[in-house]
Amino acid sequence: MMTNLFSVFDPSTTILNLSLNWLSTFLGLLIIPSVYWLMPNRFQVIWNNILLTLHKEFKTLLGPNGHNGSTLMFVSLFSLIMFNNFLGLFPYIFTSTSHLTLTLTLAFPLWLSFMLYGWICHTQHMFAHLVPQGTPPVLMPFMVCIETISNVIRPGTLAVRLTANMIAGHLLMTLLGNTGPMSTSYIILSLILITQIALLVLESAVAIIQSYVFAVLSTLYSSEVN
C-alpha cells in the first residue's frame, strides 16, 4: 500500500532511460513569455502587481546594499517554484518540487555562493555573526557551535520544508482519490468530493506560501552576508 501510495511521485515517462518528467519544470518558462505578447489583460495586470510587490519587499530585506539584479534573481526563484507547485496540482503532471533532487539543486548553490562571498569579502563580519551581540563570554564557544550548525543545515531545511509540504498535500489527495471508488454511499462520495475541493484550495494556498517562504528565506540569507 505504501509503495503504491508513494508511486505517484515516481518519474514514469522515459526514453532511452532518461526521465522526461523533469521537463515539466520548464513549462512555466514557456507560459510566462507568451503572456507579454498578448494584449494587456486582467491576469497580466495582477501578475505584474505581484512581481512589483515582491521586488519592493525583497529590496527592503536586502537593505541599502541590495540592487535590482538581486531582487530579479529572487523574484525569478519565486516564480519558478510557484509555477511548478501549481502544475503539480493538475492531473498527470509530474510534481518536480516534491523531490529533493530539485529543491536541493535550488537551495544548495544559493547557500554556497552566499557563504563563499561572505567569508571571502566580509570575513570579519561573518566571524562577528557567529557570536550574537550581548552573549556572555562563558557561552561564546557554545554559540559559535550553534550558529555554525544553523548555517550548515540551512540548505537542507529550505529543501526539506518545500518537499515535505508538497508531498503531504499530494498524499492526502491521493488517499481520498483512492478511497472514493471503493465507496458505494452517495453521502460518503459527496463528502469525499467536498473534501477534495477543500484540499485543492488548501494546496493552492500552500503552493504560493511555500514558494514565497523559500524566496524570502533565501533573500534573508543573502542579506546576512552583506
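Contact, in these legends, means heavy atoms within 4.5 Å. The model is predicted, so that local features need pLDDT of at least 70 and side-chain atom pairs count only at pLDDT 80 or more, while totals for chains, interfaces and linings use all residues. Residues are numbered from 1 along each chain as its sequence is written, and side-chain values use heavy atoms, with hydrogens and water left out.

**View 1. Threonine 135 in the loop between helix 6 and helix 7.** Threonine 135 lies in the loop that runs between helix 6 (123-129) and helix 7 (140-152); helices (H or I, at least four residues) and strands (E, at least two) are DSSP runs, numbered from the N terminus. Residues up to four places away in sequence aside, threonine 135 touches Met140 and Met143. Its side chain reaches the backbone oxygen of proline 132 at 2.6 Å. Threonine 135 counts as buried because its relative accessibility is 15%, where buried means under 20% relative accessible area, exposed over 50% and partly exposed in between (1.4 Å probe, protein chains only).

**View 2. The protein chain as a whole.** The chain has nine helices and two strands, and from the N terminus on its elements run α-β-β-α-α-α-α-α-α-α-α. Of the 226 residues, 36% are buried. Among contacts between residues at least 6 apart in sequence, 72% join residues at least 24 apart. The chain exposes about 13700 Å², of which carbon and sulfur atoms supply 75%; accessible areas come from the Shrake-Rupley method with a 1.4 Å probe, and for residues only the protein chains shown count as cover.

**View 3. Helix 5 and its buried residues.** Helix 5 (residues 100-121) has 22 residues and should span 32 Å at 1.5 Å a residue, which agrees with the 30 Å between its end C-alpha atoms; the expected span is 1.5 Å times one less than the number of residues. The buried residues of helix 5 are Leu102, Thr103, Leu106, Ala107, Leu110, Trp111, Phe114, Met115 and Gly118. An α-helix has 3.6 residues a turn, so residues three or four places apart point the same way.

**View 4. Aromatic pairs.** The whole structure holds five aromatic pairs, for which rings of Phe, Tyr and Trp (its six-membered ring) must have centres within 6.5 Å, with planes under 30 degrees apart counted as stacked, over 60 as edge-to-face and the rest as tilted. The rings of phenylalanine 74 and phenylalanine 114 form a tilted pair, because their centres are 6.3 Å apart and their planes stand at 50 degrees. This pair links distant parts of the chain, with phenylalanine 74 in helix 4 (residues 68-87) and phenylalanine 114 in helix 5, 40 residues apart. Phenylalanine 74 is buried at a relative accessible area of 1%, and phenylalanine 114 is buried at 9%. The rings of tryptophan 119 and phenylalanine 127 have centres 4.9 Å apart and planes at 85 degrees, so this pair is edge-to-face; tryptophan 119 is partly exposed at 32%, whereas phenylalanine 127 is exposed at 51%. Ring pairs also join Phe58, Phe74 and Phe114 into a cluster.

**View 5. Asparagine 85 in helix 4.** Asparagine 85 is placed in helix 4 and counts as buried, with 0% relative accessibility. Its side chain makes a polar contact with the side chain of threonine 97 at 2.7 Å; a polar contact is a pair of N or O atoms within 3.5 Å, of which, within protein, one must be able to donate a hydrogen and the other to accept it, and residues adjacent in sequence count only if both atoms are side-chain atoms. Apart from neighbours within four places in sequence, asparagine 85 is in contact with Thr97, Leu162, Met166, Ala207 and Ser211.
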